[in-house]
Amino acid sequence: MIGRESKEANDLFFTCSLIDYIARKTKNRRAVVVDALGKKNVEKIYELADVYHSDNIETVSEDFIQKSGLSSGDFDNVAAAKYAVPSHWDIGKVYKRLILGIAREKKLPVIDALFDAYHSFVSDKIDDYNSSFYYDAPQNILNALLTGEIES
């Protein structure tokens, strides 16, 4: 344990935050970003998160954008937001909790759970900053993914 969370949780938090940062910067959906990065690069980010976290996130993101050949898209959930926009760190925490829950419930490796999370309908709900879904309890978000429906 490092601080209040395990190294795995901290590394996943950074990985998810970087994915969100890249998505905002390139105006792409999060699934597009993870697909462009590919499993190899996502694993690298996760494995070296403590190193990358010490570096400037702008530099790290630019390096991975260049490596993956990710081009600009037209998905700008930040500009579309009518209310306060959560930071990439805030959203990284939401995805971290979701991914750890998926890994636990489905007995998947973390990286496989990450791809599941970003390719689920729940990802679109989390990234809609005009709703309050990303503020829901972590268990509710996980349950929505597992059951395929959002409880009202």
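Colleague: Which residues does Ile 99 touch, leaving out those up to four places away in sequence?

Modeller: Leu 12, Cys 16, Val 110, Ala 113, Leu 114, Ala 117 and Tyr 118. Contact here means heavy atoms within 4.5 Å. This is a predicted model, where local features need pLDDT of at least 70, side-chain atom pairs count only at pLDDT 80 or more, and totals for chains, interfaces and linings use all residues. Residues are numbered from 1 along each chain as its sequence is written, and side-chain values use heavy atoms, with hydrogens and water left out.

Colleague: Which residues touch the most other members of the largest nonpolar core?

Modeller: Ile 99 is one of them, along with Leu 98, Leu 114 and Ile 126, in a core of 45 residues. A nonpolar core is a set of buried Ala, Val, Leu, Ile, Met, Phe, Trp, Tyr and Cys residues joined through side-chain atoms within 4.5 Å. Buried means under 20% relative accessible area, exposed over 50%, and partly exposed in between (1.4 Å probe, protein chains only).

Colleague: Which helix gives the largest share of this core?

Modeller: Helix α1, with eight residues. Helices supplying at least two residues each include α6 (88-106), α7 (110-118) and α8 (121-126). Helices are DSSP runs (H or I, at least four residues; strands are E, at least two), numbered from the N terminus.

Colleague: Switching to charges. How many salt bridges are in the whole structure?

Modeller: The search finds 12. A salt bridge is a side-chain nitrogen of Lys or Arg within 4 Å of a carboxyl oxygen of Asp or Glu.

Colleague: What does Glu 58 pair with?

Modeller: Lys 25, with the closest N and O atoms 2.4 Å apart. Glu 58 is in helix α4 (residues 57-68) and Lys 25 in helix α1 (residues 7-26), so the bridge ties together parts 33 residues apart in sequence.

Colleague: Is Lys 25 buried, exposed or partly exposed?

Modeller: Lys 25 is partly exposed, at 28% relative accessible area. Glu 58 is also partly exposed, at 35%. Lys 25 has a salt bridge with Glu 62 as well, at 2.8 Å between the closest N and O atoms.

Colleague: Which residues form a network of salt bridges?

Modeller: Asp 20, Arg 24, Arg 30 and Asp 127 are linked that way.
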